[in-house]
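User: I would like to learn how to read a protein model. Could you take me through one, feature by feature?

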Amino acid sequence: MKQTIYDILKGKFLIADDAMKNWRMLLFLSFLAIIMIASSHNAESKVHKIAKLNNEVRELRTQFVDGRTELMQLKMESSVIYKMTRKGIKRPTTPPKKIIVKN
């Protein structure tokens, strides 16, 4: 057993008479390792891309909520009245009348 381990460490299994089957197995295992590394790298890059997109979604959602809040404040009647009085337009004393068009 000790001699077998030394032979493996020295690489004699690669130069022996029946070494061709060993080379095939090593090439096959190397090919599988390369595929596994590439797959792992691809999955890791997708995880990073998903994290980046989640951060971007959070940022856009925050901007949307801020914009909606600002719009609600601008649409308030008191805000509109204040802006119109600054421009010199006063609030009407008579209510608006509905115009009905008949054909």
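Analyst: Start with the order of the secondary structure elements. Along the sequence, this chain follows the pattern α-α-α. That comes to three helices and zero strands. The radius of gyration is 38 Å, well over the 13 Å that the globule rule gives for 103 residues, so the chain is more spread out than a compact globule. The model is predicted.

User: What does the C-alpha trace span along its principal axes?

Analyst: The spans are about 110 × 40 × 20 Å.

User: Where is confidence lowest, and where is it highest?

Analyst: Confidence is read from pLDDT, a score from 0 to 100. The lowest mean, 79, belongs to helix 1 (residues 2-10), and the highest, 94, to helix 2. Over the whole chain the average is 90, and 100% of the residues score at least 70.

User: How much of the chain is buried?

Analyst: A residue counts as buried when its relative accessible area is under 20%. Buried residues make up 3% of the 103 residues here. The accessible surface of the chain is about 10,500 Å², and carbon and sulfur atoms account for 64% of that surface.

User: Why does serine 79 count as buried?

Analyst: Compare its value with the cut-off of 20%. Serine 79 has a relative accessibility of 17%, and therefore counts as buried. Serine 79 sits in helix 3 (residues 77-87). Leaving aside residues up to four places away in sequence, serine 79 touches Gln73 and Leu74.

User: How many salt bridges does a search of the whole structure find?

Analyst: To look for one, check whether a side-chain nitrogen of Lys or Arg is within 4 Å of a carboxyl oxygen of Asp or Glu. The search of the whole structure finds one salt bridge. Arginine 91 and glutamate 77 form it, with their closest N and O atoms 3.0 Å apart. Glutamate 77 is in helix 3 and arginine 91 in the segment after helix 3, so the pair ties together parts that are 14 residues apart in sequence.

User: Are these two residues buried or exposed?

Analyst: Arginine 91 and glutamate 77 are both exposed.

How values were computed
Residues are numbered from 1 along each chain as its sequence is written. This is a predicted model: local features need pLDDT of at least 70, side-chain atom pairs count only at pLDDT 80 or more; totals for chains, interfaces and linings use all residues. Side-chain values use heavy atoms; hydrogens and water are left out. pLDDT is the predictor's confidence in each residue, from 0 to 100. Helices (H or I, at least four residues) and strands (E, at least two) are DSSP runs, numbered from the N terminus. Buried means under 20% relative accessible area, exposed over 50%, partly exposed in between (1.4 Å probe, protein chains only). Contact means heavy atoms within 4.5 Å. The radius of gyration is taken over C-alpha atoms; the globule rule is 2.2 Å times the number of residues to the power 0.38. Accessible areas come from the Shrake-Rupley method with a 1.4 Å probe; for residues, only the protein chains shown count as cover.
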